[in-house]
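I opened my notebook to look up how the pieces of this model pack together. Here is what I looked at.

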Amino acid sequence: MPPVADVLTPSQLNTLARSLLEDSFPAVLVEGELGNVSRPASGHLYFTLKDARAQVRCAMFKPKSQWLRFQPREGMQVLARGRLTLYEARGDYQLILDSLEEAGEGALRRAFDELKTRLQAEGLFDATRKRPLPAWIGRLGVITSPGGAAVRDVLSVLGRRFPLLEIDILPVLVQGSGAAPQIVDMLQRAGASGRYDALLLTRGGGSLEDLWAFNEEPVVRAVAASPVPVVAAIGHETDSSLAEFAADLRAPTPSAAAELLVPDRIDLDARLRMLQRRHAAVFEHRLRQAAQRADRAFLRLHAQRPQARMQALAARRDEAWRRLHTAWAICLERRQARVRHAQADLRRHHPQQQLAALQARLLATRPRLQAALPRRLRDDRARLQALVRALSAVSPLATVARGYAILQHDDGRVVRGIDDARPGDALRARVADGELRVRVEPQTD
């Protein structure tokens, strides 16, 4: 029986064990599945990290538990980083975590969502920047793995629907660490070559990790920057990749992409027959129109032959002569009527007619004139006598005739008082039977 060591209490034992654990495992990185996830009101996070055969208790204290970029859930595969310690009160050892992140596909899904959000904010997925495919594609570049099932599906559909299409397989890796650089290089070389009307970027289905090359940022930006329209068909219908969001057209599967790229030859045959029928109908219609134009041209040519033109000109000449004769007759009749009217006016206003009328008026006026002249003379004599009497009544000469005289200066001014004459002035004295020359003498007392 081995020697017995010093007796320890449980507290001492747990303290020694904790020191040993913390010294031996200062930092560990453990991947496992979450279980018994608990987040009490304190804000701390408690759970177990387990695999198929064991589990370990874990704790992540506040505030580190609040900095997580995902919501821990039962069954989630995570990668935990922390230090190993022992909880002395219960003797349980546990991991005290400094960080916690999703492992495997969960981490990829978070990276997918973050890159999608950032590129979408840049407008890389906007519908306004997407270009329509050409109506007819003559040469197609298929960027894919030459040995994959996707290329066989694409070639089968294209060969069945449109055998005339020229197809170039542009081989690249579609999975693994070297896939993204090859895809970017091939997109750039295909766009710069100027050989292709469109590019098809495709591969078969797989997990998110298998398809991750088509979610890497350089690939997404190369798809968006391609000078040639890009059709992307990555994985199955339920799969999605960022390269598909950046492409000008997204197809759910490689086969669907092939159907979108080219028309069906059966539909083309039907359309060609329809176009042939329309062309024949249009040709027949135009032929009938041309025949009608030829008939009308022949009729016009027949109507414009020299004999017909001479007949038409002769008919026009006869018609012109008839109209001229009619117009001349009407004009002559109007002129003759005006002449007759003028002759009648001339006869009415002839000098002899006017002289006779005036003589008749003179003969009718003479008796009235002879009777009115003595009467007019008597009336005028009576008015004159009355005027003479009235004038004589107010005339100065009547006063002179009664013995008075009118004194006047030589310039005709009348002397009305002594102030109108000065001594020595020569005056004229008007008396009843003539004039006397007088001189003013000075007055003597």
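**Packing notes**

I began with helix α7: its buried residues pack against β6 (139-144), α3 (149-161), β8 (198-203) and β9 (230-234). Those buried residues are Pro 254, Ala 256, Ala 257, Ala 258 and Leu 261, and α7 itself spans residues 254-261. I took buried as under 20% relative accessible area, exposed as over 50% and partly exposed as in between, with a 1.4 Å probe and protein chains only. Helices (H or I, at least four residues) and strands (E, at least two) are DSSP runs, numbered from the N terminus.

I noted that this is a predicted model, where local features need pLDDT of at least 70, side-chain atom pairs count only at pLDDT 80 or more, and totals for chains, interfaces and linings use all residues. Residues are numbered from 1 along each chain as its sequence is written, and side-chain values use heavy atoms, without hydrogens and water.

I then checked Phe 214 for contacts (heavy atoms within 4.5 Å). Beyond its neighbours within four places in sequence, its contacts include Ile 183, Leu 201 and Ile 234.

Last came the strands, which pair if DSSP finds at least two bridges between them. Strand β1 (residues 28-38) runs antiparallel to β4 (residues 77-87), with 6 bridges.
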